[in-house]
Amino acid sequence: MLNTLKNRFEQGCRTSAYPKTTIELPVRYRGRPQVHAEVSSELAAECAAACPQEAIEAERKMIDLGRCVFCGTCERLSEGLFVSFSQDFELAVAKKDHLLTGGELPSLAEHAKKHFKKLFGRSLQLRQVSAAGCNACEADLNVLATPFFDLARFGINFVASPRHADGIVVTGPVSRNMKTALLQTYEATPAPKVVIAVGSCALSGGPFRGSSEITEGLDCLLPVDLYIPGCPPHPLTNLHALLTYFK
Ligand code: SF4
Ligand code: SF4
């Protein structure tokens, strides 16, 4: 017992001070892409042709963050001249159109639904639905419950039953086999409710785009309130999105 108390005293508080203080992510982290529109059309077209997700619009020199899996191919190919990735992890948007970017993203706070803050600002219970995700998006949501992120201190929890939830958080490309379960979970969640799409798969089908076994974007099935890009989104991207949109 004394050893346990000693250990607790020595370790101190391990919970991150975010969002009160900023957090620096490792330099290898790929956050919001910066698109340098002054490069030649040929280089932009070369990057677009090499993008495995067809996420680059060469003509307009824009990237669709709903499709991008942050593989870094465009940055490597253009040696950072066309695309370079910043450390900015604040990537979530409230409208699908906002995912197509030339580098900047609209303020999420400004596009948040005001009545959601009133309804869920003090307490938000979410049911997670893995609709055929690879488990990386799910793991990075799960980690929010650990002492470092301590999501519960903000009044946000993941619950076991949709009956106890204010909304659903969907990961994965929504395979044919998961579609009914997802729709039933949505129906079982009492209104008013929120729908959050997490990860490239849920936003656009991700690496599975083009397969007849999946749905190319959760918004084809349900009214999505919050889109969180990434493959998987960093836990801080998820945390920032939840706090900005609901708090
Ligand atoms: S980082 Fe995104 S935009 Fe660039 S090549 Fe990879 S998927 Fe395409
Ligand atoms: S978006 Fe990427 S990490 Fe998330 S479920 Fe799909 S493949 Fe996995």
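T185 is found in helix α7, which spans residues 176-188, where helices (H or I, at least four residues) and strands (E, at least two) are DSSP runs numbered from the N terminus. The model is a predicted one, in which local features need pLDDT of at least 70 and side-chain atom pairs count only at pLDDT 80 or more, while totals for chains, interfaces and linings use all residues. Residues are numbered from 1 along each chain as its sequence is written, and chains are lettered from A and ligands numbered from 1 in the order in which they are written.

With 19 C-beta neighbours inside 10 Å, T185 counts as partly exposed; a residue is buried if 20 or more other C-beta atoms lie within 10 Å of its own, exposed if 12 or fewer, and partly exposed in between, with C-beta atoms placed from the backbone. Leaving aside residues up to four places away in sequence, T185 touches R127, V129, P162 and I168, a contact being two C-beta atoms, placed from the backbone, within 7 Å.

Strand β6 (residues 124-130) and strand β8 (residues 167-171) run parallel and are joined by five bridges, and two strands pair if DSSP finds at least two bridges between them. The open sheet to which they belong has five strands in the order β7-β6-β8-β9-β10, with parallel pairing. At its edges stand β7 (156-158) and β10 (226-228), each with a single partner strand, so that one side of each is left without a neighbour in the sheet. From one strand to the next the twist averages 25 degrees. Helix α9 (residues 235-246) lies across β6, β7, β9 (194-198) and β10, and runs at about 160 degrees to β10; here axes are lines fitted to C-alpha atoms, for helices over the stretch in contact, and angles run from 0 to 180 degrees between N-to-C directions.

A cis peptide bond with omega about -5 degrees joins A191 and P192, and P192 has its place in the loop between α7 and β9. The peptide bond from C231 to P232 is cis, with omega near -5 degrees, and P232 is found in the loop between β10 and α9. A132, in the loop between β6 and α6, has a positive phi near 80 degrees and counts as buried, with 20 C-beta neighbours inside 10 Å. E79, in the loop between α3 (73-77) and β4 (83-85), has a positive phi near 50 degrees but is exposed, with 9 other C-beta atoms within 10 Å.

Around ligand 2 there are 13 residues, of which G133, C134, C137, G199 and C201 come nearest, a residue being near a molecule if its C-beta atom, placed from the backbone, lies within 6 Å of it. The elements that give two or more residues to this shell are α6 (136-142) and α8 (199-204), and α8 supplies the largest share, three residues. Ligand 1 is surrounded by 14 residues, the closest being C51, C68, C71, T73 and C74.

For the protein chain as a whole, there are nine helices and 10 strands, and 38% of its 247 residues count as buried.
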